[in-house]
Amino acid sequence: MAVSAGGTVNNSGGLITGVIGINFFGGGGGVTNSGSINGSSYGVFVSSGSATITNTSSLRAGKSAIVVNGGAGTVINSGVINGASADAVLLSAGYANEVA
């Protein structure tokens, strides 16, 4: 799923899958997930800008499950986040990042 110029994605019990499960380009965004997000490379990828990702279920990827570039990242998790061959969560240095 591609999201341009920021925005939000609410996945309630569904399945989002692809090479990149959710790809934000052209701005940050937000994800609330109580379903499954599976990416063969990345689960949630934010190319620029800040993002808040809330996961209460399953967020998995072949590489990193969550990547936030060029902005602050906030990750709130009470489910499973799994990056199979890289960091599960990768946030940009130099920003007020938070993982809870």
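Predicted model: local features only at pLDDT ≥ 70, side-chain atom pairs only at ≥ 80, totals over all residues.

Mentor: Residues are numbered from 1 along each chain as its sequence is written, and side-chain values use heavy atoms, with hydrogens and water left out.

Ile-22 also belongs to the largest nonpolar core, which has 18 residues. Such a core is a set of buried Ala, Val, Leu, Ile, Met, Phe, Trp, Tyr and Cys residues joined through side-chain atoms within 4.5 Å; buried means under 20% relative accessible area, exposed over 50%, and partly exposed in between, using a 1.4 Å probe and protein chains only. Ile-22, Phe-24, Val-44, Ile-53, Leu-59 and Ile-66 have the most contacts inside this core. The elements giving it two or more residues are β3 (15–25), β5 (36–46), β6, β7 (58–61) and β8 (66–68).

Those labels come from DSSP runs numbered from the N terminus: helices are H or I with at least four residues, and strands are E with at least two. By that count the protein has 12 strands and zero helices.

Now look at strand β4 (residues 29–33), where four of the five residues are buried. Strand β4 pairs with β2 (residues 8–11) in the parallel sense over four bridges, and pairing requires that DSSP finds at least two bridges between two strands. Thr-8 stands opposite Gly-30 in β4. Strand β4 is also joined to β6 (residues 51–55) by five bridges, and these two run parallel. Here Gly-29 stands opposite Ala-51 in β6.

Finally, step back to the whole protein. Buried residues make up 41% of its 100 residues. A compact globule with 100 residues would have a radius of gyration near 13 Å, and the protein's 12 Å agrees with that; the radius is taken over C-alpha atoms, and the globule rule is 2.2 Å times the number of residues to the power 0.38. Along its principal axes, the C-alpha trace spans about 30 × 25 × 20 Å.
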